[in-house]
Every structure is written in structure tokens, then in C-alpha cells.
Amino acid sequence: MNRRKKTIFLICVSIIVIFSVFIGGLIIPETALKADFSIKNSSPSLNHIFGTDYMGRDMFLRTIKGMSTSIIIGMVSSFISVVIAVVLGTVAGTFSKYVDGFVCWLIDFVMGIPHIILLILISFALGRGFKGIFIGIAVTHWTSLARIIRGEVIQIKNEQYIKISKKMGKSKFYIMKNHILPFIIPQTIIGGILLFPHAILHEASVTFLGFGLSPETPAIGIILSESMKYITTGYWWLAFFPGLVLIIVVVLFDILGENIKLLINPYTSQE
Amino acid sequence: MNVIKIIFKNSIRMITLLIAVAIASFILVTSSPIDPVQSYVREGVAVSAEQREEIANYWGLYNSPIERFENWGKNILNGDMGTSLIYRKPVSEVIGEKFQSSIILMSISWIISGILGFVLGVIMGVFESSKIDKFIRNICFIISSTPSFWIGMMFLIIFSVKLGWFPIGFSVPIGVSSDNITFSQKLYHAILPAITLSFSSFSNIALHTRAKITEIMKSNYILFAKARGESLFNIIKRHVLRNALIPAVTLQFASISEIFGGSILAEQVFSYPGLGQTAVDAGLRGDIPLLLGIALISSIFVFLGNIIANILYAVLDPKIREGAKYSE
Amino acid sequence: MKNIPEIEIENLSITFKIYEKGLIQKNIKTISNLCLKAYKGEILAVVGSSGSGKSLLAHAIMGILPKNATVTGSIKYKGSELTEKRIHNLRGKEICIIPQSVSYLDPLMKVGSQVMIKNNKSCFEKMRNAFKRYDLCENAEKLYPFQYSGGMARRALISTVEQTEPSVIIADEPTPGLDKQMAYKTMKYFRDFADKGKAVIIITHDIDIAVQYADKVSVFYGGTTLETTKAENFIKGEKYLCHPYTKALYNALPQNGFKPVEGFQPSPYDVFEGCIYYDRCDIRCEKCKENIPIYNFPDGSGFVRCINGY
């Protein structure tokens, strides 16, 4: 199998797995997660491959459902983050030194508070719950992508054709819309996909700490936080499998991003 | 001269950023719909209107936000961060106390992750695209995709519950008065959380170092060193490490933010009573002064890390240090 | 003694593996069937235009080609094959290279200490003497490469060969970027090396300066050597040169009319049968499309690769 086939193969596999987890979570009915105390805390078996929890709910179904929730949160908030990054990154690169200075200052400012603390603050400000998580992740994850886009824009700006366009009297806005934005789209797509794993991991972390989603919501962070209570009892499967699924999804997103990057980048696509 | 200029410029920047952090955090926590009085007395406990009034007055809840910020800001400048609602002690005292246990944890893992990350990065970079490079790189990728708290949970299950080598949690043995706790006991309780915490940043450091080293290995001066008959070991010692040092140091100080964030999760998993767990408590129970205090302290920490990184960069890089013909 | 060259290269080819469109792997030959002899006490100037892969030749001798390169043919040192293991032990000691620019110096190491191959007293003294000889002041030892001018860097690089007693010195583009006076001075250093009994190979595109100091000139074109001849022939006149390309080069020199050579050098991506200069040659004929023999000059001073012989 040659390199490019392998790249495309990995992209397909990642998409299929992520998509099936996502859809799987949506179609699992609430009734499938009913408590059945007769089988509570049973270890993994053929009937319940991830075991069951203290209420006898199937951990596999809960995990998939939770993962699905996490994917939705991750996608929506990554998307918002990407939009912020693109707007601020291009604005910083295109307009005056002062605008650029302000955006850089803003990036430093957001990076100046450790992510988790900032997420706690935002979640607290918005009264916890879904909204807090969405907004919190959206406004904390745009910084590195914005930096990349800013650098990219500054580089393009120094190209001859932009200078000529400027000399011909085109407005900054025109140049931004017609010359710069199309150029940074590939970077943005890759950046967006690679941003997703961070978003999901932070979502899981904040939910694990007890901020964000209510305890009834099936989310990976909540499942893991719940399993903390049983950790001394030796019910290892309560924590092990949901975490494993989380890692697999995150790794798949990484693979997806890296391989698309390989495909888009004209240098590495030759390797 | 240059170095002094850099310190000055950075300090100014840090002060403006800190003020911004203070304002932003203040706006965030005060705009919360969560009733601090209610979350203070915990849900389910009935509070009489009189009591409520008393508590609210005590915290100045009826003043306008601007007045409150003014008050708070003034007090902060005087070193008074207010009184923690949970601990009923001055915030600075609480933070000081908790910080002591956290700093053990953070510094151990900061050192472990720095050294481990650098060494692995050098190995990967020097032997780029060899089997060992691919092996370590895959491991680093997976670890960086793993939430550190889950790693902590797995450690607990394996080493504490199954094997019983380490305590389940807490920074000190339970039931021993604080005077009798030895340093080694503290260390023993900090080992698992510290290792967990190292996991949250060493893989990133390793991957970044690898990228830098491969770049160095492809440089002309390494090629020339090879042509001069220098051995691989010598090349690494004389050239590779020297050139990798500056970015590594910068990276190491930039990782402080990550370590700080990670410590919150690690402390939560191991019920380690440090700053991180206190932050979570403060957030969950609406202890506004404490939450604000921790947010401020954590960003001071991060900014200090950045400043140190910038200064070290200036000191280590001859181009800036010697100041000759240097333009961006 | 003169019969055994210090370095003898026969039919050297260097191929790189490159990925093409889709996933087809392609080999490109950057150097093909190159022949070269460098004798003791002589300067051999390998001349050719930029981008013709001359530096690769130096890297091939030193055994520092990138991993995706394959080398065929033979490189001999003092009459016996220069294997990978042998060059490993010899490079930096008996065979030294002088690279072309300041980028070959470690940017974070003081120049004095990186010129010293080992950190001991004898190396220090050798370094200090060399610096003195090349007009680098003592202060220059303590400077970093970024504080050096182009000329200073060149001299510092030259002083690296004085750490050991090499019998072969290969200089990669030692003169570009230097003013005329500096360039002559640099060439003079190489002349001194040769006069001390070392074999010097200078890889350059500065034919004008090279022919004034070299003993022999090897004309490099499209990845191979078309002719090796005495340097004096370049001064004596066009009729002493054999290959059409050598003549063209001669006529392109400022003092000989500055006539440009028409056409372009073939790219290593093109596959060639027969003479590599075919497209640009004035006297080409059908036979040029076949294998071109090498004609050695009767006095042993060189050869030409052209069906018209000498």
C-alpha cells in the first residue's frame, strides 16, 4: 500500500468510526438505559461488553451515548472557535499594527489564565450547564489557530500579487476577501479538525470536575466522575472503557487532521 | 542592556494583562446567576430572610458591581483578597496553605515532564523515522490524546487499589497531626499525582523537541560536523543539545500553564488538598473571593513563567545577548 | 608517485528517490558517470554552472549524502576503494572539506571553539596559528558566526583544515560573495596547500579565477565531467580546448568576448541517451545520440568526452 492510499484509507476509517459513534449515540433510545438492579455492577461479559453500572445500566450504551454528546459539544464549540480564530487572525494580519497588537494582546490574555480555571470561571458565570460548556470551550480554544492564521496572512501579505493589488487601489477589505481568505481555508480546515480533540478533552475534564452538564446527562466526563465513587471497590470497567472510547475518538480525530494535512500540504503530499 | 529592555517591556505587558484578567474574572463571577448565598449555605438548607440579608450585606452584594470592583481592587492592591466563604479565613491564607501542597506536586511533575520530554524528543529527533522514533512518537501521540485524569484513575486502580503500593489519596496520612508529618510522607503521597500530572505535558514537550531536533539535524552545520569526522555522540553533545536548549527552556516555562491546569484534575482524582481542588470547591460552592483569588494567582504564575522564558531566551541567545546587528 | 591519484573517481552516479504524482516512485540521477582524478601537489578546479550538482560530488566523497541517495561507481583514495567505513575514519583527518558559507558553522558556538576539533591545547594552538595566518584577530575567536562577515567566515572555515594534516582538501565554492581581492587571496591559500603537497579539489563556478590558480580544470555539465584539461589551456586559447562546451565556456569569459552559451542545462529529471550536451552543441551529429567514449589525452593530463576526440 503506498503512502497516499494509506492516507486516504486512514481518513476514511476515522470518519466512519467517528460517524458511527455519533449516530449510534443518537439512535440509542432512553429506554435502553433503564435501571435494572438485578444485574448491577456486573463485570464485562458477552451480554454487556463494557459491564454494567450501579443501576445495572449497560456501560457500552451509556458510553456511546455519552461520546455522542461529547462529539456534538466538541463540534459546535470547535466551529465557533474556528470562526473566532479566522476573524481575529485575518483582521490582525490585514489591518494596522495597532489592531495586530491588540489581537496579540488578546491571545496572550486568554492564554494567561490556565484553561481549566478559565473554563470554571465561565461555567460559573453562565450558571453551569450546557451553555457554560459550549461558550467556555468556544472562547478559550481559538488562540493557537488564530496565531497560525495571523502568521499565514502576514506571509501572504508580503507576496507580490497582494502588493500589486494594493497599488491598483483595491481596498484592504477587498484584498482580504478575495486574496487572503481563500488562501487560508486549507489551514483553517486542518486547524479546526485538530482543535476538536482539545475541545473534547477539555469538555470531558470540566464535566468530570462537576461543572457543566447535569448528572443525568450521559456525557463521558459525568460517567467518569461517577465511576470515581466506585474506584476503591474494584469496579475498574466503569472507568476503563469509557475512557478508552474517549481516547480512541480523540486519536481518530488527530489521525484525521494529520492525514488531511498531509494530503493538502504540497510538500508532504510528495513524501 | 537588551536584557533589561526585555524585562521592562515584559513587565509592562504582564501588568496590563493582569489588570485585564482581574477585570474579566470579576465580571465573570459577579454576573453569575448562581446565588452565592444559597450555594454558600448549601442547597436544601432553609435560610431565613434575616440571615440571608445579613450574609448578603456582609459580602456587599447590594452594592453596584462597579462599587464592588472598586472595593475589591483596592483591597487586592493592599494585599487583601477578601475572606473565603468556605474556609472562613482570609483568601490569601487559604491560597498560601493550599499552594504549599500544590507546589510539591507541580514542581515534581514539572521537572519530570521537562526532563523526560526533552530526552525522548532528542532520541526521536536524532533517530528520525527509525523504528524507535516511530514507537515513541506513537506513544506520545496517544498520551497527548488521553485525559490526564483518566490516567490518574487507572493509576489508582492499578497501584493503589489492586497492588496497594500507594495511598488512595490525600496529601498526608489521615489521622496524623500535621506536626508529625514527615517530608517523606508528603512525598509518598505526592508520587502518583505527580506522575499523573507529568503525563499531561511531557508528550507535548517531547513532540515539540523532536520537531526542533529534526530541523537541527538537517542543518548545514551538522552536515559539516559529520564531514569533519565528529562522532554522533560528539555531534549531539557539541551541537544538537546546544541548539535545542533555547527552545526547550522556552517550552518548559510555557508549560507552566498546562501543569497548573492539569494539577486541578490530578488533585481532584487523588483528593489531594491543593490549590486545584480548592478552585473546584470554590467554583462549585460559589466562593467568589476564593475563586477570584485563585484565578489571579494562577495567571500571575503563568505570566511569570512567560517572562522568565523571555528573559532566559534573551540571556541564552547570543544574537540578543551580544546585541550586534540584530533585526527581526 | 604521480601515477597514483590521491582521489580517483570513476563512473560515479548519484541517484535520488523522489515521489512523483500519485504514488509512483521515481529515481532522478543528479550525477552520472562522472570521472575525476586529483593528484598530490595539484589544484583541480571542478567548474560548472550553478545548480549542476557540484556540491553533491563533494558530499559523495565525504560520505555525507542524504539517506535517499544511492551511489554507484567507484571512489578511490590513494589507490584503494574509499568504502563507507574508510571515509568514516578518514574524514576530518586525511580528507577535509571546506564548506561554502557561514551556515555551516554552529550559530550558537563561538567560532574559535568550533574550529577546534577537540578541546585541547594542541588544537587550540593550531586554531590560533591558523587564525593569525588568515588575518583573523584574536578577538574573532570569541565571536559568534552571526557576527562574522562573509570573508571572515570563509577564512574561519578554511582554518578548520589546519586542525589536522589532511592530504586531500575539497573546497566547495570558496569564492562567491567575495570581492576580487579577497577571492584572489583565498585562492592563494589553496595554492599554498597544494604547494605543500596536498591534493586540492576546488568546486566553483568562478572559472575566471579558478584557471589562474588551478593546475587542472574539470568541466562539469549536467551531472558529469565533459573534459579535464590543464588550466593553462584556458589561458592559451580556444584551440587548446577540446569539448564544444569547454570552448563555449571559454568564449563566455569576459576577456574572451562574453559570448553567452545558448540554451539551458538539462534537468536531472530528463533521461539522456548519448551526449548530454547534444541539444546545445553546434557540431552535433547522429552518432552523438549513442554512447560517447572517453578519450584520454596522450600526456595523461586529462580526457574529453566527445565523439570528436581531441
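Residues are numbered from 1 along each chain as its sequence is written, and chains are lettered from A and ligands numbered from 1 in the order in which they are written. Because the model is predicted, local features need pLDDT of at least 70, side-chain atom pairs count only at pLDDT 80 or more, and totals for chains, interfaces and linings use all residues; side-chain values use heavy atoms, with hydrogens and water left out.

Chain C contains nine helices and 12 strands. Helices (H or I, at least four residues) and strands (E, at least two) are DSSP runs, numbered from the N terminus. The C-alpha trace of chain C spans about 65 × 50 × 40 Å along its principal axes.

Of the 310 residues in chain C, 55% are buried. Buried means under 20% relative accessible area, exposed over 50%, and partly exposed in between (1.4 Å probe, protein chains only). Contacts (heavy atoms within 4.5 Å) were considered between residues at least 6 apart in the sequence of chain C; 64% of these join residues at least 24 apart. Chain C carries 42 positive and 34 negative side chains. Lys and Arg count as positive and Asp and Glu as negative; His and the chain ends are not counted. The centres of the two sets lie 4 Å apart, each charge being placed at NZ of Lys, CZ of Arg, CG of Asp or CD of Glu.

Ser145(B), Trp150(B) and Met153(B) supply 15% of the area that chain B buries against chain A, more than any other three residues. In total, 48 residues from chain B and 41 residues from chain A take part.

Gln100(B) lies in helix α5 (residues 91-126) of chain B. Gln100(B) is exposed, at 56% relative accessible area. Ile175(A), in helix α8 (residues 172-209) of chain A, is buried, at 4%. Beyond its neighbours within four places in sequence, Ile175(A) contacts Ile162(A), Ser165(A), Lys166(A), Lys170(A) and Ile180(A). The C-alpha atoms of Ile175(A) and Ile162(A) are 7.3 Å apart.

Methods
Buried area = accessible area lost by both parts, 1.4 Å probe.
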